[in-house]
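This report goes through one protein structure, from its confidence scores to its helices and aromatic rings. Please look at the sequence and the structure first.

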Amino acid sequence: MSTESETPQVVAGEGKKRPDWGNISQIVSALCALALALLAIYGLFFSKTSQALVAYLQSELAARNERIATLELREQQLQSAVSTAQASLDDLTQKKASAEKEIAALNAEQETRSKKLAELDQTLRKAQFALVREKINTTISSTLNGDEVFLEDRLYTPEGVKAKTIRPWETKLAYIKEVADDLPDEYKTIAATVIKNFTEQCGGRFSAQTVQIPALRIPKGTDFGPYGDDRSKHPTAIRYEGLMTQVYKIQQGIQECFRSTTP
């Protein structure tokens, strides 16, 4: 083989650098995008539609700011109203506490007055009770009635003293009721209470007490010489007097119980 055919051939102009068209297209694309962005910004800020949108947004912002200012003012007013109401509530609370103290004091005073009134009423009732009781007692103490009358002469009558059962309680109670009925009308209600209390307080002790009187008689013409001519010394007279003394003691006990009857 020939040596010339294996020697590389040098192409004319092969040593010059060619431009990279791929990078140029990228640069052009970037410039176009930038131009479009600038046009968009320009359209956004300088077109009539954009200006109208900006104006609307500004008016909406102003309206919102106004509402916010109104709400803030309302909040201040409400806070002021709350403060006023709180102060008023505190004042009312103090007034309530003061009123409660006054009411408590009035209630205590009323209770004290009620107690005093009740005491005075009780005292008045006791005084009226004692007055009526004393009016009745004065009458029954100054007069004799029924079996309280001791007549010794009965022993010397043809009939003499008849046998009977004396019930001092019934006799005295009937007489007390009779005296009470003669009192003025203004005392009769209290007199009924006096008799009722007297019956309750004294009846249990005296109502069952009785004295049995047998038939007694001293015949006419009896010689009283052995008794010193004193008829009262005769055994029958002494017996009769003893029986009547029993009656008197019971009657006296009943009357003392009546004087001590309480309201």
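The text below covers confidence, then helices, then ring contacts.

This is a predicted model, in which local features need pLDDT of at least 70 and side-chain atom pairs count only at pLDDT 80 or more, while totals for chains, interfaces and linings use all residues. Residues are numbered from 1 along each chain as its sequence is written, and side-chain values use heavy atoms, without hydrogens and water.

The predictor's confidence in each residue is called pLDDT and runs from 0 to 100. Its average over the protein is 83, and 80% of the residues score at least 70. Helices are DSSP runs of H or I with at least four residues, numbered from the N terminus. Confidence is lowest in helix H1 (residues 21–46), with a mean of 67, and highest in H4, with 95. Over residues 1–16 pLDDT stays under 50, and the model has one contact (heavy atoms within 4.5 Å) beyond four places in sequence for them.

The expected span of a helix is 1.5 Å times one less than its number of residues. The table sets this beside the distance between the end C-alpha atoms.

| Helix | Residues in helix | Expected span | End-to-end C-alpha distance |
|---|---|---|---|
| H3 | 14 residues | 20 Å | 20 Å |

A residue is buried under 20% relative accessible area, exposed over 50% and partly exposed in between (1.4 Å probe, protein chains only). The buried residues of H3 include Trp169, Leu173 and Ile176. In H4, Tyr187 and Phe198 are among the buried residues. Leu131, in helix H2 (residues 48–142), is partly exposed at 42%. Leu131 and Tyr187 are 56 residues apart in sequence, and their C-alpha atoms are 9.2 Å apart.

Rings of Phe, Tyr and Trp (its six-membered ring) pair if their centres lie within 6.5 Å; planes under 30 degrees apart are stacked, over 60 edge-to-face and the rest tilted. By this rule there are three aromatic pairs. Phe198 and Phe258 form an edge-to-face pair, with 5.1 Å between centres and 80° between planes. Phe198 lies in H4 and Phe258 in helix H5 (residues 235–259), so the pair ties together parts 60 residues apart in sequence. Phe198 is buried at 0% relative accessible area, and Phe258 is buried at 0%. Trp169, Phe198 and Phe258 form one aromatic cluster.

Terms used. Helix = DSSP H or I, 4+ residues; strand = E, 2+ residues; numbered from the N terminus.
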